[in-house]
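I opened this entry to go through a two-chain model, taking the contact between the chains before the folds. My notes follow in the order in which I looked things up.

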Amino acid sequence: MTLEQSVNIPRSYYRDQGALERELATIFGEGWIFIGHESEIPAAGDYVTRNMGANPVIMSRTEDGEIHVMLNSCTHRGTQVCKLAYGNTTAFRCGYHGWVFGADGDLKGVPGRRSLYGPEFDPSRLGLRQARVAVRCGLVFATWAQDGLSLEESLGDMLWYLQGLLELFSGGLEVHGGAHTVDVRGNWKIHVENFAGDGYHLKTAHKTMFDLGVVGTQAGTVEGFVVNDPHGHSLRAQYLADEGVPAVAPGYEDELLATIDADEQHRRFRERATVIHGMVYPNLLFITTAPLYFGTDADGAVAFTQLRQITPLDPHRHRVTYWTLVPKDASPDWKRRSYLYSTRQHGAASFFEADDLENFRRIDAGLGDSVAGVAPYNYELGLDVGERSTPPWTGPGRIVRQDLTEANQRNLVKRYLEQMEAGR
Amino acid sequence: MSGVSIELHREIEQFLVDEADLLDTHRQAEWLDLLHDDFSYRVPVPVAREEPTQDHYDAVLEFANESKSFLSMRFQRADSDFAWAERPAAFVRHFVSNLRIDELDPGRAWRVRTNVMVVRARLPESPVLASAERVDRIERHDGRLLLRERVVRLDTERPNDSQLSSIF
């Protein structure tokens, strides 16, 4: 039994512009931020536009196959040089004075350069501001910190779990269709914390889903575990405890299961799992699950894997970018159904999501002010109640043998406060 | 005027007005009764394109893709006291206009386009307006008009969650 203390995060951090500014400067300004999946930009010249904290960025692929993430802002007057969500181009032309940048961000052309600019004018120092980029498991991350932790160091123990999620099948995963974004109410941290390991809200917030028989846990007894890592990352995994259930990752076609290329512990991490969800600090969320029933037209368990990136817009609103990942080697029909389930269960307009978004906006509406709204939120769930069953896999990180615990949220808040207080 | 008789034009218009009334007054069971068993409801994700003439809607990505059985489930849920996002119920108002009808199968099937404005209000959020084009397929079965398909073409690239909460 570890001696663990609860944590206190000031409520003002959910409503103050000043707190948000500090988050942007430290947590978003110094850390590795998820930008997108490499399959979104397969060809030279492909690009997508994204948010990296408060910064608009372009993620592009150059002729030599390199991925760049750069500030979507002309180095002349700061105008956005790319206005579309995605596309393919050889150059980004600013619509104000016509400066032209390559897919690598280099300044390639300036109207009137020879006649209107002097000999000291140096285009080589006027490329788009570049972020440092690294890719793991197909996930593209970027950071403004030119030195500091490598992505691998920063992912810490979570890397093993990302491999289990994203590299189970030999062909890997790809984004189905692309990404889309929705703006929602509530401080960004509420959404992140929900994914970090909140198994406790399911039976209340999503009660109707259980009543309707939609959720995988309907198939029998389940056991859940949470995992966290000192960098703030966390994961929650839940398994069917019945030995009679086939030892496979549920919801995939047999042909695809035959392509699994993973070591024994990674396989065990996925076998009989009803849901695995979590977050890569600070703002990448993931979930993989296999709903059992979704209306008579789409019967049978079909797994889906969804990623989300959370971006604060102001203290009271955040932007959610959604991706659905599918195994590259799955059949087209399976991919279509997986996307359908992802939309119906966890899409922005789905009723699972409606329950969560309702809670996020009610938290925001209940924040109060600096006089009455000061009691910190409670994070004591699972403290001193002892651990329970044994997980089916052995892996890195701090594995907590409890499902209904706020161990991950405590870990997340601890990491968050370390950064927020270091920045003071 | 579309290439259909004034009587048919009026009949379809009245069908759509009555249908919107059922949605606005939360009479979901009666609304479901207007749907063909193979009804599909889709909200494709809008995408801005460089070329103004290119299609503005993604071919794969969808905010919603629902069937009659799935919508029945959704309404069954809304009847429960635990549908947190539905209780208390939102104020909803549909404004339906600019009716355009193309006959697909004489006397039996029509492509019906309308412009809709949906107002939704539910505290703690301010009232939200959502504007869209609806592209419906309406069919006549045993004398009755039924909604066979509805595609909602939203007029914004990045809606908020309240705009997505209504049935258009």
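How many residue pairs are in polar contact between chain B and chain A? I looked this up in what is a predicted model. The count is 11 residue pairs, with both residues at pLDDT 80 or more.

**Entry 1: the side of chain B that touches chain A**

I next asked which elements supply this side of chain B. Strand E2 (57-67) and helix H3 (68-78) of chain B each give at least two residues to the side that touches chain A. E2(B) gives the largest share, 9 residues. Sorted by kind, the residues on this side of chain B are 17 nonpolar, 12 charged and 6 polar.

**Entry 2: extent of the contact**

I counted the residues on both sides: 39 come from chain A and 35 from chain B. The size of an interface is often given as the accessible area lost when the parts come together. For chain B and chain A I noted about 3400 Å² buried between them, with 59% of it on carbon and sulfur atoms. Which three residues supply more of the area that chain B buries against chain A than any other three? They are Met73(B), Arg77(B) and Arg158(B), which supply 18% of that area.

**Entry 3: salt bridges across the interface**

I searched the interface of chain B and chain A for salt bridges, and the rule finds 3. One that I wrote down joins the side chains of Arg361(A) and Glu125(B), at 2.8 Å from N to O.

**Entry 4: the sheet of chain B**

I then traced the strands of chain B. An open sheet of 6 strands runs in the order E2-E1-E6-E5-E4-E3, with mixed pairing. Its edge strands are E2 and strand E3 (91-105) of chain B, each pairing on one side only. The twist from one strand to the next averages 25°. I noted again that E2(B), an edge strand here, is also the strand with the largest share of the side that touches chain A.

How many bridges join E3(B) and E4(B)? I found 12, in the antiparallel sense. Within this pairing, Asp102(B) has Arg111(B) in E4(B) as its bridge partner. The hairpin of E3(B) and E4(B) has 3 residues between the strands, and Gly107(B) in this hairpin takes a positive phi near 75°.

Strand E4 (residues 109-121) and strand E5 (residues 128-141) of chain B also run antiparallel and are joined by 12 bridges. I recorded two facing pairs: Trp110(B) stands opposite Ile138(B) in E5(B), and Asn115(B) stands opposite Glu133(B) in E5(B). The hairpin from E4(B) to E5(B) goes through 6 residues.

I also checked what lies over these strands. Helix H1 (residues 6-24) of chain B lies across E3, E4, E5 and strand E6 (144-154) of chain B, and runs at about 150° to E3(B).

**Entry 5: a sheet of chain A**

In chain A I looked at an open sheet of 4 strands, in the order E4-E3-E2-E5, with antiparallel pairing. Strand E4 (67-71) and strand E5 (86-88) of chain A are its edge strands, each pairing on one side only. Neighbouring strands of this sheet are turned by 25° against each other on average, direction ignored. Strand E3 (residues 55-61) of chain A pairs with E4(A) over 5 bridges in the antiparallel sense. Ser60(A) stands opposite His68(A) in E4(A).

**Entry 6: backbone exceptions**

Last, I went through the backbone angles. Most residues other than glycine have a negative phi, and most peptide bonds are trans.

- Tyr281(A) to Pro282(A) is a cis peptide bond with omega near 5°. Pro282(A) is in the loop between strand E15 (273-280) and strand E16 (284-289) of chain A.
- Leu123(B) and Pro124(B) are joined by a cis peptide bond, with omega about 10°. Pro124(B) is in the loop between E4 and E5 of chain B.
- Cys137(A) is not a glycine, yet has a positive phi near 55°. Cys137(A) is in the loop between strand E9 (132-136) and strand E10 (139-143) of chain A.

Note on methods. Residues are numbered from 1 along each chain as its sequence is written. Chains are lettered from A and ligands numbered from 1 in the order in which they are written. This is a predicted model: local features need pLDDT of at least 70, side-chain atom pairs count only at pLDDT 80 or more; totals for chains, interfaces and linings use all residues. Side-chain values use heavy atoms; hydrogens and water are left out. Contact means heavy atoms within 4.5 Å. Buried area is the accessible area (1.4 Å probe) that two parts lose on being put together, summed over both. A salt bridge is a side-chain nitrogen of Lys or Arg within 4 Å of a carboxyl oxygen of Asp or Glu. A polar contact is a pair of N or O atoms within 3.5 Å; within protein, one must be able to donate a hydrogen and the other to accept it, and residues adjacent in sequence count only if both atoms are side-chain atoms. Ala, Val, Leu, Ile, Met, Phe, Trp, Tyr, Cys and Pro count as nonpolar, Asp, Glu, Lys and Arg as charged, and the others, Gly among them, as polar. Two strands pair if DSSP finds at least two bridges between them. Axes are lines fitted to C-alpha atoms, for helices over the stretch in contact, and angles run from 0 to 180 degrees between N-to-C directions.
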